[in-house]
Amino acid sequence: GALAGEFPLLSFSALQAQLAPGTAYVFPPAVRPGTTTAVQLGVIDPTPDLQWFVHDTRLNLRILGPAGDFHVPPPPYWKGPRGGTNAPPIPREVPAELTIPADQPEGFVYWQVANANGISKTARFFVSRGAEILESRSRDLPQRLPAFPVSVSGRLSRLTEVDRYELTAERDGPVSISLMARRLGADFRGLLQVHDESGRLLADFSDTEGVDGGLTFGAVGGRRYV
């Protein structure tokens, strides 16, 4: 008789590659030496097995909890030709503390995350030895700034959002304003404007090349500028 053979049943299916996690930002993006600062770490596709790496052994990062909800930008959204572009990845925020030693030099510090799916690109935050304050938003009134030099850490969540800050010049002379956005990983090109007390535009700057930048205008002592 014929010899009966046994044949295994093989099943094939397409395997989907798992996405590696991503890093987005730190808020506030500027921290001071000699302090422990509460921060929010923006991450993409976090998982419970996420590992954290700060590329400076002098600093200490302490994770305080799990990732929160997705930060979905509110309307208005892109329309017209840009309306068909792919949506950017949506971050979730992880609460943490950054402890910076008192002798830490000023400059950028890089960090990454990793899990079983892979490792992220590096992101960065800034160690600053200057005066740092947080944005305090008001829908109708500009935020009044203290004596400068001073840096303000702010956030933009939608296309039409404008942050306004008011300063009073201490004396006649030039006042310089610089933008740090692209250098921190914020993927937008900012616009700076300076208006006098009557609302007249005195100076403006558009970051058309994606390199941050700034402007300088001539101030009169005792006058207010926005």
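Predicted model: local features only at pLDDT ≥ 70, side-chain atom pairs only at ≥ 80, totals over all residues.

Reader: Okay, how many helices and strands does the protein have?

Author: There are zero helices and 18 strands.

Reader: And what's the radius of gyration compared with a compact globule?

Author: The protein has 24 Å, whereas a compact globule of 226 residues would be near 17 Å. Along the principal axes, the C-alpha atoms fill a box of roughly 110 × 50 × 30 Å.

Reader: What share of the residues is buried?

Author: 29% of the 226 residues count as buried. The accessible surface comes to about 15200 Å², and 54% of that belongs to carbon and sulfur atoms.

Reader: Got it. Can we look at strand 7 now? Is it mostly covered or mostly open?

Author: Mostly covered: strand 7 spans residues 107–115, and seven of its nine residues are buried.

Reader: Which strands does it pair with?

Author: Strand 4 (residues 51–54) pairs with strand 7 in the antiparallel sense over four bridges, and there F53 has Q112 as its bridge partner. Strand 9 (residues 123–127) also runs antiparallel to strand 7, joined to it by five bridges. W111 stands opposite A123 in that pair.

Reader: And strand 8?

Author: Strand 8 (residues 118–119) pairs antiparallel with strand 7 over two bridges. A114 has I119 as its bridge partner.

Reader: What actually holds paired strands together?

Author: Strands of a sheet pair through backbone hydrogen bonds, either parallel or antiparallel.

Reader: Then where's a parallel pair?

Author: Look at strand 11 and strand 13 (residues 165–168), which pair in the parallel sense over two bridges. R144 has E166 in strand 13 as its bridge partner. These strands belong to an open sheet of three, in the order 11-13-18, with mixed pairing.

Reader: New topic: which peptide bonds are cis?

Author: One joins P75 and P76, with omega about 5 degrees. P76 sits in the loop between strand 5 (60–63) and strand 6 (92–100). Another cis bond joins F148 and P149, with omega about 20 degrees, and P149 is in the loop between strand 11 and strand 12 (151–153).

Reader: Why would anyone point those out?

Author: Because most peptide bonds are trans, and most residues other than glycine have a negative phi.

Reader: So which residues have a positive phi?

Author: D45 is one, with phi near 55 degrees, and D212 is another, near 65 degrees. D45 lies in the loop between strand 3 (35–44) and strand 4, while D212 lies in the loop between strand 16 and strand 17 (213–219).

Reader: Last one: what does L201 touch, apart from its neighbours within four places in sequence?

Author: L201 is in contact with Q193, V194 and H195. It belongs to strand 16 (residues 201–206), and it counts as partly exposed at 40% relative accessibility.

Technical notes. Residues numbered from 1 in each chain as written. Heavy atoms only, no water. Rg over C-alpha atoms; globule rule 2.2 N^0.38 Å. Buried < 20%, exposed > 50% of the residue type's maximum accessible area, 1.4 Å probe, protein only. Areas by Shrake-Rupley, 256 points an atom, 1.4 Å probe, with all protein chains shown as cover. Pairing = 2+ DSSP bridges. Contact = heavy atoms within 4.5 Å.
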